[in-house]
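Me: Could you take a close look at one residue in this model for me? I would like to hear what surrounds it.

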Amino acid sequence: MPTTLLHHADLVLTMDDARREIRAGGVFIEDNRISAVGADADLPATADTVIDLSGHILLPGLVNTHHHMCQSLTRAVPAAQDAELFDWLTALYPIWAGLTPEMLHVSTQTAMAELILSGCTTSSDHLYIYPGACRLDDCIDAAGQIGMRFHASRGAMSVGRSQGGLPPDEVTEAEPDILRDTVRIIERYHQPDWGAMLRIVVAPCSPFTVSENLMREAATLARTYGVSLHTHLAENVKDIAYSREVFGKTPTEFVEDLHWVGRDVWHAHCVQLDDPGISLFARTGTGVAHCPCSNMRLASGIAPIRRMLDAGVPVGLGVDGSASNDSGNLMNEARQALLLARVLGGPDALSARQVLHAATRGGAAVLNRDDIGALAVGMAADCIAYRLDAPGLAGGLHDPVAALVFCHPGPVALSLINGRVVARDGQLTTIDLPRVIERHNRLSRLLVSGEA
């Protein structure tokens, strides 16, 4: 089997159970699995591929737990620049109704490129709108070409305005069709094994866009096939008001009654999660995708992340939609998570190392995985490295780990996903990114103008 040696790193941040930080070290990889981590003297001296990481910091790849990649086509749309969640959605639903399969493919690769260059090696994506011939297969094919580890969420909307929901009826689907296509996607693509590059998630969009029946059926379907569940929850005060008015329950009471809690479930945002909800999530191991930039951009509020972590809730980070962030830089998301937690809870509310844990081990736990998120023997070979002589880190090397979060490390110098080099010196090795971006911008103009 092919072997790879990454060595001479100035610092190795393992994120393993012992939280080791190793000076002058690296990792040894056999095929797609880490077989040794330690100081240079403790690693094999040779390998089929040897990469010298002198002047770098090496750490596990970051994990993105929530995204809407197709939204990269509708960044900074004027009508949605200064709106809260429900108004923002209302402005964009008619535009997204013009999506095509080609747009899904190119937007997925564009979003993944941005994530990879920021240090992300595993990402979920929540696609819940399927106009015309669009299918989740379009995103899955794009991910396979770029080489990202992918949790593809089969989202859905079934309750349109005529039934009291938020989206226009024309962007909803019939519930039997949703369930049938979800089964098709799982049976065709889901990989349950260790080190899977592709997993499928059952993901009705939100309590205000689907019926209670679909939520129940989705939970039954997911557990029949052993896949995870995902949705949006408690995102802003209107979300809470809708749940109380329509269901007579808080959002967490609603999901508890529908069996949408457990280690196989994670919810996005949870900005307005109350104390009983935090206790429920901690008791059941239900995960949260924290999306600070989007929450600020849409004025949704500040999620009580410190209280969640103290209670034992699994918390990961998510960049959320490219039209509500409007960035897909996961290391920057870690920085914003730290800063926003301190706005709410003071200067010691969250440390750099704690937020990096959320971006790695925390994200892995939220996605219900035990094979990624750390540099440790037996883990999948997802590794990233940053240059320590980057301009944004100058003067911050008294503590390089903290500098990654407090400062700006720039693009990754190296990214390995499943043992494969997918980025080197800030450039992707798997796709022609300039060509993808040119195509993406052309399609974006067509979509937003309504000429697609």
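**A close look at Thr-14**

Reply: Happy to! The side chain of Thr-14 makes a polar contact with the side chain of Asp-16, at 2.9 Å. A polar contact here is a pair of N or O atoms within 3.5 Å; within protein, one must be able to donate a hydrogen and the other to accept it, and residues adjacent in sequence count only if both atoms are side-chain atoms. A polar atom of the Thr-14 side chain also lies 2.9 Å from the backbone oxygen of Arg-20.

This is a predicted model, in which local features need pLDDT of at least 70 and side-chain atom pairs count only at pLDDT 80 or more, while totals for chains, interfaces and linings use all residues. Residues are numbered from 1 along each chain as its sequence is written, and side-chain values use heavy atoms, with hydrogens and water left out.

Where does Thr-14 sit? Thr-14 is found in the loop between strand S1 (3-13) and strand S2 (21-30); strands are DSSP runs of E, at least two residues, numbered from the N terminus. Thr-14 counts as buried because its relative accessibility is 0%, where buried means under 20% relative accessible area, with a 1.4 Å probe and protein chains only.

As for its neighbours, leaving aside residues up to four places away in sequence, Thr-14 touches Arg-19, Arg-20, Ile-22, Val-37, Pro-60, Ala-374 and Leu-375; touching, or contact, means heavy atoms within 4.5 Å.

Key: Helices (H or I, at least four residues) and strands (E, at least two) are DSSP runs, numbered from the N terminus. Buried means under 20% relative accessible area, exposed over 50%, partly exposed in between (1.4 Å probe, protein chains only).
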